[in-house]
Each structure stands twice: as structure tokens, then as C-alpha cells.
Amino acid sequence: MQKEISNALQVLKDGGLLLYPTDTVWGIGCDATNPEAVKKVFQLKEREDNKALICLVADDRMLSKYVKEIPKVAYDIFEVSEEPITIIYDEAQNLAENLIAEDRSIAIRIPNDDFCFQLLRRFGKPIVSTSANRSHEATPKSYKEITPHILKGVDYVVNLHREKICSKPSSIIKLSANGRVKIIR
């Protein structure tokens, strides 16, 4: 795993795109603070750049660098959630502007996956994590279902967990600074 982390780190530092396993589905990733890398993700997915992308952080300490104010209920959700959950926060900061939604919100997940955790820790910054498919295609449930378009469009494919079957993406909720909670998915 350490070799895969080293290879992935170099790609992230160079502004490239990764195809990597996460705690949910296979993801296309890049440095979430690099606008040019984020632009490449939108192009590869053939996705409108006004549609937000999810990013991953290692822990709540890293999260606090990229969200101005974390609602207290988020910590409760981290504690009790048994399934992967992505939270949309108000007032994103220190991220690529083209990653942040028009309303300044950002979708972030703390993954429960050893590879992702170690990669995020060593990289020290958030990583984009969007499903490994074009926008108009179904989300692949395994590595074998990822299309040649995506495989050829990334700079590096992580050689781990290629046999894993992913049942579903994360749940998504929006936590507003005013205390409102909205279930998105």
C-alpha cells in the first residue's frame, strides 16, 4: 500500500488526476486546492462546472481548515454514523474556487478507509472524490465497470481493491450554519 500512496501523492502534487478506491465507490480525485486539477475533473466527467463535487478530508482537524464554521451537530453525526456520510457545509474556504458551489457551500466526507486516510494524511490537503464515470453514465459498482474513457483520462490508477464491489455512494446531508438539516441523498 505504501508504494501506491507514494505514486498517488506524486500525481496529486503534480496537479494530475487519480482513479482510486474509497470507502464508497471508485473515485476520480485531484488536489482540491488546485483549480486547474479540478477543471480537469469536470472535463473528464463531461460535467457542468456549476455542479459541485465532493472532497475528502482525513479528520475534523483538517475539515476545520476548509470550512469557516463547523456546526456542532456535525460532530454528533461523525460519532453515530455507521454508514459513509457526506456533509454539505456553508462557507467553504481555502479550496479551489471552481470546487465551491455558488452559495459558497462544499460537500465533504471523512472516509472510513485506510488507503484514503493515509493518502490524505500524507498529502495534508483535501482530495476531490467524485464517482468514476461521465456525468450521463451510471456509477460503476466495481473497478471492472469503469469505462475506458475514464481509465485513459486519469494520470494514475491505484492498484488496490480492484475486486471490491461497492453497493452505493455515501448519504448526503446539508448542515446550514443556522441549524437547518436537509437530507439530500
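The model is a predicted one, where local features need pLDDT of at least 70, side-chain atom pairs count only at pLDDT 80 or more, and totals for chains, interfaces and linings use all residues. Residues are numbered from 1 along each chain as its sequence is written, and side-chain values use heavy atoms, with hydrogens and water left out.

Helices and strands here are DSSP runs (H or I, at least four residues, for helices; E, at least two, for strands), numbered from the N terminus. β4 covers residues 85-89, and it is largely enclosed by the rest of the structure because four of its five residues are buried. Buried means under 20% relative accessible area, exposed means over 50%, and partly exposed is in between, with a 1.4 Å probe and protein chains only.

So who are the neighbours of β4? Two strands count as paired if DSSP finds at least two bridges between them. β4 pairs with β9 (residues 171-175) in the parallel sense, over five bridges. In that pairing, I85 sits opposite S171, and I87 sits opposite I173. β4 also pairs with β5 (residues 106-109), this time in the antiparallel sense and over three bridges; there, I87 faces I108.

β9 is mostly covered too, with four of its five residues buried. Three bridges tie β9 to β10 (residues 181-183), and these two strands run antiparallel. I173 turns up again here, with I183 as its bridge partner in β10. β9 and β10 make a hairpin with five residues between them, and G179 in the turn has a positive phi of about 95 degrees.

Next comes the empty space. Rolling a probe the size of a water molecule over the atoms shows where such space is left. A cavity is a set of points, on a 1 Å grid over the protein atoms alone, where a 1.4 Å probe fits but cannot get out; lining residues have an atom within 4 Å of a point. Grid points are joined across faces, edges and corners, and a volume is the space filled by probe spheres set on the points. The structure has one cavity of 30 Å³ or more, and the largest cavity holds about 40 Å³ of space. Its lining is made up of E69, P71, Y89, D90, E91, L175 and A177.

Finally, D14 lies in the loop between α1 (2-13) and β1 (18-20). D14 is exposed, at a relative accessible area of 57%.

Note on methods
1 Å grid on protein atoms, 1.4 Å probe; cavity = no way out; pocket = protein on both sides within 12 Å on 5 of 7 lines; lining within 4 Å.
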